[in-house]
Amino acid sequence: MSEQRFGEFVAVRREGDGHVAELAMDRPKAMNAVSTEMARSIGAACAALAADPSVRVVVLTSTAERAFCVGADLKERNSLSDAELVRQRPTTRGAYGGVLELPVPTIAAVHGFALGGGFELALACDVIVADETAVVGLPEVSVGVIPGGGGTQLLPRRVGAARAAELIFTARRVEAAEALSLGLVDSVVAPGQDRAEALALGARMAANSPVGLRAAKRALRLGHGMDLSAGLEIEDAAWRTVAFSGDRAEGVAAFNEKRKPNWPGE
């Protein structure tokens, strides 16, 4: 396994062919509370991953035993002046936006607490795999703020406006079984198996065309919320980027020759 550090609290790990990159939040003593330094590191790691054509899937994980991420570092936040908080905001947005804007499929591996900004990092991913210990929620109104890492926009896109409003306005925490039934997470696995299951899912995705994966994600993201005719135009534009690609030619050839594709990635 290779590992690249981004500051003290973030690591990117890759095994085998390296097509699945694990973006590990590594601040276990603080249960991955997102400080300014950690937010900066997440943003930097995402920029590096987005620029790497060999990356096909990113899996967001936690090294903390009891939590995926407990959200903003409120101890640090309490020490900031209003002016410092304003200056911090672009760095914070860069972390959440960095995950959201990754051009490849993303999977969050969630265990323990995923609250506030921690759950927003998971919501920024395409798929959320949780284990039975997971507790998720957006409790920001209980401390006098609102979800500011995309939660007010991403949660209703997952579960609908009314359900998102109930969850945000009550600030309640939701355990794994209910989270699955509400669509807050996409699967629930045995305790301690979230990372392994997410990496296995990532490997299944990464076996497919890298050109196709990126184009499909682009069409899904850009088309969401559009009316059908506009969405179909977005899909057609994405199709045109893959229809004449080397991956398409290799995929068709491999199918006809009954062999595994060797994707050129272009």
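Student: What kind of link do the side chains of Glu166 and Arg172 form, and at what N to O distance?

Tutor: Glu166 and Arg172 meet in a salt bridge at 2.7 Å, N to O. The term stands for a side-chain nitrogen of Lys or Arg within 4 Å of a carboxyl oxygen of Asp or Glu. Keep in mind that this is a predicted model, in which local features need pLDDT of at least 70 and side-chain atom pairs count only at pLDDT 80 or more, while totals for chains, interfaces and linings use all residues. Residues are numbered from 1 along each chain as its sequence is written, and side-chain values use heavy atoms, leaving out hydrogens and water.

Student: Why do Glu166 and Arg172 count as partly exposed?

Tutor: Buried means under 20% relative accessible area, exposed means over 50%, and partly exposed lies in between (1.4 Å probe, protein chains only). Glu166 is partly exposed because its relative accessible area is 26%, and Arg172 is partly exposed because it has 25%.

Student: How many salt bridges does the structure hold, and which residue does Arg14 meet in one of them?

Tutor: The structure holds 15 salt bridges. In one of them Arg14 meets Asp52 at 2.8 Å, N to O. This pair links distant parts of the chain, 38 residues apart: Arg14 sits in strand 2, and Asp52 in the loop between helix 1 and strand 4. Helices (H or I, at least four residues) and strands (E, at least two) are DSSP runs, numbered from the N terminus. Arg14 counts as buried because its relative accessibility is 17%, whereas Asp52, at 22%, is partly exposed.

Student: Where do Arg240 and Asp236 lie?

Tutor: Both are in helix 10 (residues 228–243), four residues apart, or about one turn of the helix. Asp236 is partly exposed, with 30% relative accessibility. Elsewhere, salt bridges with shared partners join Glu3, Arg5, Arg13 and Asp26 into one network.

Student: Now the sheets. What is the strand order in the open sheet of seven strands?

Tutor: Strands of a sheet pair through backbone hydrogen bonds, either parallel or antiparallel. Here, two strands pair if DSSP finds at least two bridges between them. The order is 1-2-3-4-6-8-11, with mixed pairing. Strand 1 (2–6) and strand 11 (187–189) are the edges, each pairing on one side only. Strands 1 and 2 (residues 10–14) run antiparallel over five bridges, and Glu3 has Arg13 in strand 2 as its bridge partner.

Student: Which strands of the sheet does helix 1 touch?

Tutor: Helix 1 (residues 36–50) packs on the sheet and touches strand 1, strand 2, strand 3 (20–25) and strand 4 (57–62). Its direction makes about 30 degrees with that of strand 2. Such angles run from 0 to 180 degrees between N-to-C directions, with axes fitted to C-alpha atoms, for helices over the stretch in contact.

Student: Is Val10 buried or exposed?

Tutor: Val10, found in strand 2, counts as buried because its relative accessibility is 0%. Leaving aside neighbours within four places in sequence, Val10 is in contact (heavy atoms within 4.5 Å) with residues including Leu23, Met38, Ile42 and Ala45.

Student: What order does the open sheet of four strands have?

Tutor: Its order is 5-7-9-10, again with mixed pairing. Strand 5 (67–69) and strand 10 (174–175) are the edge strands. Strand 5 and strand 7 (residues 113–115) pair in the parallel sense over two bridges, and Ala67 stands opposite Phe113 in strand 7.
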